[in-house]
Each structure stands twice: as structure tokens, then as C-alpha cells.
Amino acid sequence: MSAVEDKLAALGLALPAVVPPLAAYQPAVQSGVYVYTSGQLPMVDGKLPVTGKVGAEVTAEEAKELARTCALNALAAVKSVAGDLDRVARVVKVVGFVASAADFTGQPGVINGASELLGEVLGDKGVHARSAVGVAVLPLDAPVEVEVQVELLP
């Protein structure tokens, strides 16, 4: 196992299998020293544990945990093309989408779930630029979706 996967294990987490695409795309692609993931839903064992809008059917705390799951799924997608998570030089950018009730404005707090996981697992390499965006609906009525861009060591 890689040092990153050892850190995940120390946190009581395991890298999941890559979530299969829902349409015509790849879970992650590499271009030069960068890996870009597609939007990762909080799938666990092939299904969404919760659906609905944050601020309505889903609480902000539940959504924050789901964002952690999205980040874990993104790490699995990165590994699928990089071969080893120890090759990650740094997380460059995280973009998070939150399916939000009309009056919900806590998108940054929700996406902190992904950002915090990346920091816990990768340390300083997990510090990144980020966007947290509220949207009307996400695929499969998912409450949250996260995409990640990482730079690899040569």
C-alpha cells in the first residue's frame, strides 16, 4: 500500500473501487502532469446513500459527510490513472456542487467535507483552490458532487 492509503487506513477509511461512469465520459483523465476527475457523486457500493436537496431533505451535516465520500471516490479515480496516490504532488483545485433548497446558502460548509478529507489524507499537498456552487439538481438527485484536479510528481 502507498503512504496515502496507509493514512486512509489510519483514519478508518479504505479506497473504494472507481465508480463506473453514468454516461459517456471517463472517471479521470491525465494530461501531462495533471489528473482531472469527472464529477464524483457520493456513491457507496454502487448507490447513493441519500438523495434530495440540501436544506430540505438533506441536512448540511449529512451533505458534508457525503462530500467526504465524493472526495474519497475522487482519490480512487486519480489512482486509476496515476497508478499510485503517492505520486500526487498537490491538489490544485476542487469544485463542489451542492443541490440546494432555494434558501440554502451553506455550500462552502458542505464542500468543506471534501476539502478537509483531502487535507487529512494528503497534508500540505491537499491544500487547494476551490469553488462551492449551489445548483438546482444533480444527477440521480444526488445532494453533492465533487471534482478534483491534482498535479502529479514526474
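Okay, housekeeping. Residues are numbered from 1 along each chain as its sequence is written, and side-chain values use heavy atoms, with hydrogens and water left out. Since we're on a predicted model, local features need pLDDT of at least 70 and side-chain atom pairs count only at pLDDT 80 or more, while totals for chains, interfaces and linings use all residues.

Pockets, then. A pocket here is an open set of points on a 1 Å grid over the protein atoms alone, where a 1.4 Å probe fits, with protein on both sides within 12 Å along at least five of seven lines; lining residues have an atom within 4 Å of a point. Volume is the space filled by probe spheres set on the points, and the points are joined across faces, edges and corners.

The largest pocket holds about 190 Å³. It has 14 lining residues, with Pro16, Met43, Val44, Asp45 and Asn73 closest to the centre. By class, that lining is 10 nonpolar, 3 polar and 1 charged. On the classes: Ala, Val, Leu, Ile, Met, Phe, Trp, Tyr, Cys and Pro are nonpolar, Asp, Glu, Lys and Arg are charged, and the others, Gly among them, are polar.

The second largest pocket comes in at about 160 Å³. Its lining has 13 residues, and Leu22, Tyr25, Gly39, Gln40 and Leu41 sit nearest its centre.

Next, helices, meaning DSSP runs of H or I with at least four residues; strands are E runs of at least two, and both are numbered from the N terminus. The axes of α1 (residues 3-10) and α3 (residues 107-122) come within 8 Å and cross at roughly 115 degrees. Those axes are lines fitted to C-alpha atoms over the stretch in contact, with angles from 0 to 180 degrees between N-to-C directions. Val4, Lys7 and Leu8 of α1 meet Glu120, Val121 and Leu122 of α3, where contact means heavy atoms within 4.5 Å.

Now Thr37, in strand β2 (residues 34-37). Is Thr37 buried or exposed? It's buried, because its relative accessibility is 7%, and the cut-offs are under 20% for buried, over 50% for exposed and partly exposed in between, with a 1.4 Å probe and protein chains only. A polar atom of the Thr37 side chain lies 2.9 Å from the backbone nitrogen of Val148. Beyond four places in sequence, Thr37 also touches residues including Pro27, Ala74 and Glu147.

Last one: Thr59 counts as partly exposed, because its relative accessibility is 43%. Its C-alpha is 11 Å from that of Ala99, 40 residues apart along the chain.

Technical notes: Polar contact = N/O pair within 3.5 Å; in protein donor to acceptor, adjacent residues only side chain to side chain.
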